[in-house]
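Please look over the sequence and the coordinates as displayed before reading on.

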Amino acid sequence: MKQIIFIFCIILMLSLCGCTNAGSNRNKYMSNWFKSEQEISDNMMKQIIDLYSEGNVEEFEKLFSKNSLKNIGDIDKQISSFFEFIEGDIQEYSGDCASSSENNNGNRRIELDGMYHISTSKNKYYLNFYMVYKADDTPSDVGLSKIEIATEETVNRENFMWDTLENGIFIQRE
């Protein structure tokens, strides 16, 4: 019995340590597997900022889920309006995310709501986005469904509310 336990311990140690290359692949796999929802949200925000900075409408559209795009009228026009709304070069951004998840018969669905503050050389903005990160039963839902943006001044008004229910890009003007 002691020999079996000893062999099991050796196998366990080798699988945990492994050689350098295999260990690095395992670490990469494990970090992707256990990536936090905040990291996923921050990554999406970085993509939004990078594509805005590049003015890349085509790639920006690809951030949206296939199912969301079916319900959005003129996404290219909405993206262009979004790009035009933000004034100045983006200096910094920070934010948080909220999440919800469900598991139906082994099919997982994870939704994230990113809430960010953006500072540009000319103004300050709040941006919220809604996305499905994982949808085992409907992979065509994975991606953004909605972006809402407003200036800090607009958000700080009394009785301000984010109130758009449908999919797309929505600019809250004063």
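**Helix, sheet and core**

Reader: Is Glu 37 buried, partly exposed or exposed?

Author: The model is predicted, so local features need pLDDT of at least 70 and side-chain atom pairs count only at pLDDT 80 or more, whereas totals for chains, interfaces and linings use all residues. Residues are numbered from 1 along each chain as its sequence is written, and side-chain values use heavy atoms, with hydrogens and water left out. Buried means under 20% relative accessible area, exposed over 50%, and partly exposed in between, with a 1.4 Å probe and protein chains only. Because its relative accessible area is 33%, Glu 37 is partly exposed.

Reader: Which residue's side chain makes a polar contact with the side chain of Glu 37?

Author: Glu 37 lies in helix 3, and Ser 99 lies in strand 1; helices (H or I, at least four residues) and strands (E, at least two) are DSSP runs numbered from the N terminus. Contact means heavy atoms within 4.5 Å; leaving aside neighbours within four places in sequence, Glu 37 is in contact with Cys 97, Ser 99, Ile 110 and Leu 112. A polar contact is a pair of N or O atoms within 3.5 Å in which, within protein, one must be able to donate a hydrogen and the other to accept it, and residues adjacent in sequence count only if both atoms are side-chain atoms. At 2.6 Å, the side-chain partner of Glu 37 is Ser 99.

Reader: What is the relative accessibility of Ser 99?

Author: Leaving aside its neighbours within four places in sequence, Ser 99 is in contact with Glu 37, Glu 111 and Leu 112. The C-alpha atoms of Ser 99 and Ser 41 are separated by 9.7 Å, although these residues are 58 apart along the chain. Ser 99 counts as partly exposed because its relative accessibility is 39%.

Reader: How far apart are the end C-alpha atoms of helix 3?

Author: The expected span of a helix is 1.5 Å times one less than its number of residues. Helix 3 covers residues 37–54, and its 18 residues should therefore span 26 Å. Just after the helix, Gly 55 takes a positive phi of about 70°.

Reader: Which elements are included in what covers the buried residues of helix 3?

Author: The buried residues of helix 3 are Ile 40, Ser 41, Met 44, Met 45, Ile 48, Ile 49, Leu 51 and Tyr 52. An α-helix has 3.6 residues a turn, so residues three or four places apart point the same way. The cover includes helix 4 (57–61), helix 6 (75–85), strand 1 (90–104), strand 2 (107–120), strand 3 (124–135) and strand 4 (143–151).

Reader: In what sense do strand 3 and strand 4 pair, and over how many bridges?

Author: Two strands pair if DSSP finds at least two bridges between them. The hairpin of strands 1 and 2 has 2 residues between them, while 3 residues join strand 2 to strand 3. Strand 3 and strand 4 pair in the antiparallel sense, over 8 bridges.

Reader: What kind of aromatic pair do Phe 60 and Phe 83 form?

Author: Rings of Phe, Tyr and Trp (its six-membered ring) pair if their centres lie within 6.5 Å; planes under 30 degrees apart count as stacked, over 60 as edge-to-face and the rest as tilted. The structure holds 8 such pairs. With 5.4 Å centre to centre and 90° between the planes, the pair of Phe 60 and Phe 83 is edge-to-face.

Reader: How many residues apart in sequence are the parts that this pair ties together?

Author: Phe 60 is buried, with a relative accessible area of 0%, and Phe 83 counts as buried at 13%. Ring pairs link Tyr 52, Phe 60, Phe 82 and Phe 83 into a cluster. Phe 60 lies in helix 4 and Phe 83 in helix 6, so the separation of the parts tied together is 23 residues.
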